[in-house]
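The sequence and structure come first.

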Amino acid sequence: HVQLVESGGGPVHAGGSLRLSCAVSGVGYIISAYCMGWFRQAPGKEREGVAAIASDGTTSYKDSVKDRFTISKDNAKSTLYMQMSGLKPEDTAMYYCAADVPWYGLGTEYNYWGQGTQVTVS
């Protein structure tokens, strides 16, 4: 199995920045072979894809965050990141890290999920 643990969330003022991290571990896990993504879910809303990165480094972003968020990964550290700048109240949500071997992009079909980290923008 694959275990994902998010960190880096918290309260932040509008216009501020945060960097989310997702540490990945598990038997048989090779981060370079996995596609990963960041998703978020606000109260009463469906979970939505925010950013994704393929095993070859190709990225995909939700249009509303493309100019503000950057997804990256450090294979040596088995860690996924998302740098978020220019945060808006609309970005307030629980943010989840996901991973899987196939490419799902911003879809929610990923088999492995973290427990989430809360981002609150005020």
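## A residue in strand S11

Thr117 is buried, because its relative accessible area is 11% and the limit for that class is under 20%. The model is a predicted one. Thr117 belongs to strand S11, which covers residues 117–121. A polar atom of the Thr117 side chain lies 3.1 Å from the backbone nitrogen of Gly9. Leaving aside residues up to four places away in sequence, Thr117 touches Glu6, Ser7, Gly8, Gly9, Leu20, Ala93, Met94 and Tyr95.

## The sheet

Strands of a sheet pair through backbone hydrogen bonds, either parallel or antiparallel. Here, 4 strands make up an open sheet with antiparallel pairing, in the order S1-S3-S8-S7. Which strands are at the edges? Strand S1 (3–7) and strand S7 (69–74) are the edge strands, each pairing on one side only. From one strand to the next, the twist averages 15 degrees.

Strand S3 (residues 18–25) runs antiparallel to strand S8 (residues 79–84), and 6 bridges join them. Ser21 has Tyr81 in S8 as its bridge partner, and Ala23 stands opposite Thr79 in S8.

S8 is also joined to S7 by 6 bridges, again with an antiparallel run. Tyr81 in S8 has Ser72 opposite. S7 and S8 form a hairpin with 4 residues between them. In that turn, Ser78 has a positive phi of about 50 degrees. How many of the 6 residues of S8 are buried? The count is 5, so S8 is mostly covered, where buried means under 20% relative accessible area.

## A buried loop residue

Asp91 is found in the loop between S8 and strand S9 (93–100). Is Asp91 buried or exposed? With 2% relative accessibility, Asp91 counts as buried. Not counting residues up to four places away in sequence, Asp91 touches Arg40, Arg68, Phe69, Gly86, Val119 and Val121.

## Aromatic rings

A pair of aromatic rings is described by the distance of the centres and the angle of the planes. Across the whole structure, a search finds 5 aromatic pairs.

| Pair | Distance between centres | Angle between planes | Type |
|---|---|---|---|
| Phe39 and Tyr110 | 5.3 Å | 75 degrees | edge-to-face |
| Tyr110 and Trp113 | 6.2 Å | 80 degrees | edge-to-face |

Why does the pair of Phe39 and Tyr110 count as edge-to-face? The planes of Phe39 and Tyr110 stand at 75 degrees, and planes over 60 degrees apart fall in that class. This pair links distant parts of the chain, 71 residues apart. Phe39 is in strand S4 (residues 35–41), whereas Tyr110 is in the loop between S9 and strand S10 (112–113).

How accessible are these rings' residues? Phe39 is buried at 0% relative accessibility, and Tyr110 is buried at 3%. Trp113 is partly exposed, with a relative accessible area of 23%. One aromatic cluster is formed by Phe39, Tyr104, Tyr110 and Trp113.

The charged end of Arg47 sits over the ring of Tyr96, 3.9 Å from its centre. Arg47 also lies over the face of Trp113, at 4.8 Å from the ring centre.

Terms used. Residues are numbered from 1 along each chain as its sequence is written. This is a predicted model: local features need pLDDT of at least 70, side-chain atom pairs count only at pLDDT 80 or more; totals for chains, interfaces and linings use all residues. Side-chain values use heavy atoms; hydrogens and water are left out. Two strands pair if DSSP finds at least two bridges between them. Helices (H or I, at least four residues) and strands (E, at least two) are DSSP runs, numbered from the N terminus. Axes are lines fitted to C-alpha atoms, for helices over the stretch in contact, and angles run from 0 to 180 degrees between N-to-C directions. Buried means under 20% relative accessible area, exposed over 50%, partly exposed in between (1.4 Å probe, protein chains only). A polar contact is a pair of N or O atoms within 3.5 Å; within protein, one must be able to donate a hydrogen and the other to accept it, and residues adjacent in sequence count only if both atoms are side-chain atoms. Contact means heavy atoms within 4.5 Å. Rings of Phe, Tyr and Trp (its six-membered ring) pair if their centres lie within 6.5 Å; planes under 30 degrees apart count as stacked, over 60 as edge-to-face and the rest as tilted. A charge sits over a ring if NZ of Lys or CZ of Arg is within 6 Å of the ring centre and within 35 degrees of the ring normal.
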